[in-house]
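Here are my notes on this one, in numbered points. Please have the viewer open while you read them.

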Amino acid sequence: MVQLHIAKVRKQIELSQQLLKRLESVEQTTAKLDAVPVEEVLQIIQVMDMLENYYSPEQLETLKQRQELLGEEKMQQAQVDWEELIAQVRAEMERGADPASEIVQALVRRRQALIQEFTGGDSEIEAALNQMYEEGGDTVSNWGENDAALASYMERALQSQPRSVDSV
């Protein structure tokens, strides 16, 4: 009976330590901002929950190291680049451009380059990222590709990419 209680307390300690790490991370993130609305803090926590559901602790550490390596300015620029890319893809989709057209294919290559930069070429991190986009729901909707029409258009564009000799 005592061993069961010890195991239960250890699990509670482990969960408390995980919560502490997450809260410290939120504190560090929000400390960089002047006045952070409660909604934004809640969104940060929601995103952290999502990341922990899709990435292993090792992958999260790798991503953290990549973020430190790239630096805050580069990370912010990547976010801007991603938003611009999504806007350009959406514009091509809305004007009825063929997903196989050269302009859309150039956007697909840019998307792949941004993903490569984020993942550092780690195929497992990329797979987790793709799964998160597919299953993420409202949490990733503001990240661009969770729009069903846009995701379908991008999927057709990806399928239209010419195959390289290495991938055959």
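1. Glu92 is buried, as its relative accessibility is 10%; buried means under 20% relative accessible area, exposed over 50%, and partly exposed in between, with a 1.4 Å probe and protein chains only. E92 forms a salt bridge with R95, and their closest N and O atoms are 2.8 Å apart. A salt bridge here is a side-chain nitrogen of Lys or Arg within 4 Å of a carboxyl oxygen of Asp or Glu. R95 itself is exposed, at a relative accessible area of 56%.

2. Before going further, a word on the model. This is a predicted model, in which local features need pLDDT of at least 70 and side-chain atom pairs count only at pLDDT 80 or more, while totals for chains, interfaces and linings use all residues. Residues are numbered from 1 along each chain as its sequence is written, and side-chain values use heavy atoms, with hydrogens and water left out.

3. On confidence, the protein chain averages a pLDDT (the predictor's confidence in each residue, from 0 to 100) of 79, and 79% of the residues score at least 70. Helix α6 (residues 138-141) has the lowest confidence, with a mean of 51, and helix α4 (residues 102-119) the highest, at 92. Helices are DSSP runs of H or I with at least four residues, numbered from the N terminus. Where pLDDT is low, the predicted coordinates should not be read in detail.

4. The structure holds 4 salt bridges. In one of them, the side chains of D81 and R110 meet at 3.1 Å, N to O. D81 belongs to helix α3 and R110 to helix α4, so this pair ties together parts 29 residues apart in sequence. D81 is buried, with a relative accessible area of 18%, whereas R110 is partly exposed at 35%. Another salt bridge joins E102 and R109, with the closest N and O atoms 2.5 Å apart; E102 is exposed at 54% and R109 partly exposed at 43%.

5. The geometry of α4 checks out: at 1.5 Å a residue, its 18 residues should span 26 Å, and its end C-alpha atoms are 25 Å apart, which agrees. The expected span is 1.5 Å times one less than the number of residues. Its buried residues, including V104, L107 and R111, pack against α3, α5 (123-135) and α7. T119, also in α4, is buried at 2% relative accessibility. Leaving out residues up to four places away in sequence, T119 touches R66, I125 and E126, where contact means heavy atoms within 4.5 Å. After α4 comes G120, whose phi is positive, near 70°.

6. Which residues of α7 are buried? They are L150, Y153, M154 and A157. These cover an arc of only 95° around the axis, which puts them on the same side of α7; the arc is that of the directions from the helix axis to the C-beta atoms. A148 and Q159, on the other side, are exposed. The cover over the buried residues of α7 includes α3 (57-94) and α4.

7. Finally, the largest nonpolar core has 24 residues, and Y55, W82 and V89 have the most contacts inside it. Such a core is a set of buried Ala, Val, Leu, Ile, Met, Phe, Trp, Tyr and Cys residues joined through side-chain atoms within 4.5 Å. The largest share of this core, 6 residues, comes from α3.

Methods
Helices (H or I, at least four residues) and strands (E, at least two) are DSSP runs, numbered from the N terminus.
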